[in-house]
Each structure stands twice: as C-alpha cells, then as structure tokens.
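Okay, thanks for making time, everyone.

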Amino acid sequence: MCWKISIFKKILGGRNVNMSKKGIFEEMRKILVKLEETTPDVFASAIIRKDGLIVASAVPEEVNKRVFAAMAASALGASSRALKELKQGNLKRLLVEGEGGQMVLMEAGQLVLTTLIRKDANLGLVFMNLEKVVDELKKYA
Amino acid sequence: MKEEGMEVTRFLNIIIYGFQKALWEVMGEAAIAASYPVGKSMLEIMKKELGLKVAGEKPEDVLNGIAKRLTEDFKIAKEVKIGKSGDTITVDVEGCICLPVTQRLINTGIKPFACPFTNIAMAAMEELLGIPTGISSLEVNSPKCKIVFEMLRK
C-alpha cells in the first residue's frame, strides 16, 4: 500500500526539467517580480504548492509565510470541493474581498498563484495578467 | 491493564481517522497543507509539556533525535531508521501505534497527512534548520512504514 506525491517532481528536484531546483525557484521569483511590475494593483504575491509549501513569495515581512501558504491552499481546496459538490465545474479563481484589499487565488496545475490586490483595483485587467502568469506556471507543474 | 491501554489507543486512532477523513472530504488534497501547522502545534506542546529537546545542525541529526525520543521515551514506535540521499530523506518506521490509521486511510483512498512522526519532523526541520520539507510518499507494509521527505532548499 503506497501513496505518492509525484506531481511535484519538477518543483522539487528538477528531475523532469533541465533546470536545478534553485533555478526553478529563481524563475518563479522573477515571474512574481514581473507580475508586480506590470500590474501595479498587485501589491503582494506568492506561488505555493497545493500541499502548502511556499515556492516563491513577495509578501510583507510580518506575514508568517508558511501558515499563510497553508491557509491559502486550504481555502482553495475547500472552495474547489464546494464547487464540485454543487456541480459547478472546476474552480477558475477564488476572490476574497476584505475591507483593506482583496485576495485572489488561482490554480496553476499543482501550484497556486496567490495575490493581494488593492481594493479599488481594475479587476478585469488584473485577472487578465494573472491568467498569463498561470499559463506560464503550468509549464513547471 | 495492557489490553485497556490498547483499547484506548484503538479509540484514539478512530478519532484521528475521523478527523483526517472529514478534513479530506472538505478540502481534498489541500488537507495535506494542515500537516505543518499540526506538526508545529505538536512540537510546541511536546517541548513545553513533555520536555522534548530537539537539536542538530544536519537534517539526519534532528530526525534521529526526534526518532530516539519517540521510540525510547514515548513508545510511539518500536524502531525508526533515518536515511538521507541528497535532498531526499527516508524514514523507515516499524511498529508505529498509528499504523492502523494510516492503513485505513490509504485503503479509503486518502493520503494520510497526520502521521505524528512526519508532522513533528517537518516542523522541527523548518524550525531548527529553516528547511521547508514536503512528503513525497508513504508506503505501508504492516508492521512497517516507509516515509519519504523532500527538502526544498532555496
């Protein structure tokens, strides 16, 4: 009897791609930097694995990244299950509106793109840019 | 008295199974994300209330230290062997008291995410060495269990 998480091979060890683990993390970090440069409404972002491990992040120092990543993965998982239970298909994105800002979670294969966006953001433009990033991330997961 | 103890263990295992199954049904594979916070809480309590001291500069030292306490003092398992190759750590556990839960979960199609050794080890590795760790696989061959971790050094 055995279970395996084989889905993370690319992210974990670079065994399936011609890139070292460090190289992959660096690529991911660059993707986030580029996202925040091209989309000023995004003020914090992270790429996490569905098991709650952080792959790359640009979030405020005071945030406990590990716990935040676990929360984001859980929120996405629960939302996805709820949609399936209600027979509404796959989850496209999870938008959480707060008084101070908004959080958007999007699946990218076995990764999750997590972003914090300003409360008065142009959502159409933000979503468009996030989808581009998701497509890019799918190459790794 | 020994039989009474076994019944208590069996009952606690049923509770652990129930919680894990419920979390899995609600969150799916994202339930694995709970492993780290669970381990962090367990490690804190074990340090404060049970005097667990974890130290070491290498992953295998930290894990061997935990394994020693869990087997010799807390009697959670009969034997735990740690192996390391690159960023992969292999943990061979024999006679774990939680094995029936793990077995039942795998039989039900659930990836066990509340294995006490795994969770404590993950939390300790991150706390002491700053190395995030994820589970790659868990293989049960009663009474033995093989857990494989991957370290995510950045």
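So, let's start in a loop. Find B:K75, which lies between helix 3 and strand 1 (79–85) of chain B. Keep in mind that what you're looking at is a predicted model. As a reminder, most residues other than glycine have a negative phi. B:K75 has 10 C-beta neighbours inside 10 Å, so it counts as exposed.

You'll find A:K87 in the loop between helix 3 and strand 4 (94–97) of chain A. Buried or exposed, this one? Exposed, because A:K87 has 6 C-beta neighbours inside 10 Å.

One more backbone item while we're in the loops. The peptide bond joining B:S142 and B:P143 is cis, with omega at about 5 degrees. As for where that is, B:P143 sits in the loop between strand 3 (133–141) and strand 4 (144–151) of chain B. Most peptide bonds, remember, are trans.

Okay, zooming out to chain B as a whole. We've got 5 helices and 4 strands, and along the sequence they come in the order α-α-α-β-β-α-α-β-β. The radius of gyration of chain B is 15 Å, close to the 15 Å from the globule rule for 154 residues, so chain B is as compact as a globular protein of that length. If you want a box, the C-alpha atoms of chain B fill roughly 40 × 35 × 30 Å along the principal axes. Of the 154 residues in chain B, 43% count as buried. And if you take the contacts in chain B between residues at least 6 apart in sequence, 58% of them join residues at least 24 apart.

Now the helix packing, and keep your eye on helix 5 of chain B. Two packed helices are described by the angle between their axes and the distance between the axes. Take helix 2 (residues 35–50) of chain B against helix 5 (residues 116–129) of chain B: the angle is about 85 degrees and the axes are 7 Å apart. Those two helices, helix 2 and helix 5 of chain B, are therefore roughly perpendicular to each other. On the helix 2 side, the residues that meet helix 5 include B:Y36, B:G39 and B:L43, and on the helix 5 side they include B:N119, B:A123 and B:E127. By class, that contact between helix 2 and helix 5 of chain B has 9 nonpolar, 4 polar and 2 charged residues.

Next partner: helix 3 (residues 59–73) of chain B packs on helix 5 of chain B at about 140 degrees, with the axes 10 Å apart. Helix 3 and helix 5 of chain B are therefore oblique to each other, and helix 3 passes helix 5 in a right-handed crossing. From helix 3 you get B:P59, B:V62, B:L63, B:I66 and B:L70, meeting residues of helix 5 that include B:F117, B:I120 and B:A124. What classes show up in the contact of helix 3 with helix 5 of chain B? Here we have 12 nonpolar residues, no polar and no charged.

B:I66 counts as buried because it has 24 C-beta neighbours inside 10 Å. Setting aside neighbours within four places in sequence, B:I66 is in contact with B:V54, B:I120, B:A121 and B:A124.

Over to chain A, and then we're nearly done. Chain A comes to 4 helices and 6 strands, running β-α-α-β-β-α-β-β-β-α from the N terminus. Buried residues make up 34% of its 141 residues.

Last stop, where the chains meet. How many residues of each chain are involved? 26 residues of chain A are in contact with 27 residues of chain B. Among the elements giving two or more residues on the chain A side are strand 1 (2–4) and helix 2 (21–38) of chain A. Helix 3 of chain A gives the most, with 10 residues. That side of chain A divides into 14 nonpolar, 5 polar and 7 charged residues.

Definitions and conventions: Residues numbered from 1 in each chain as written. Chains lettered and ligands numbered in written order. Predicted model: local features only at pLDDT ≥ 70, side-chain atom pairs only at ≥ 80, totals over all residues. Axes fitted to C-alpha atoms, helices over the stretch in contact; angles between N-to-C directions. Parallel < 35°, antiparallel > 145°, perpendicular 65-115°, else oblique. Contact = placed C-beta atoms within 7 Å. Nonpolar A, V, L, I, M, F, W, Y, C, P; charged D, E, K, R; others polar. Rg over C-alpha atoms; globule rule 2.2 N^0.38 Å. Buried ≥ 20, exposed ≤ 12 C-beta atoms within 10 Å, placed from the backbone. Left-handed = near helix turned anticlockwise from the far one by under 90°.
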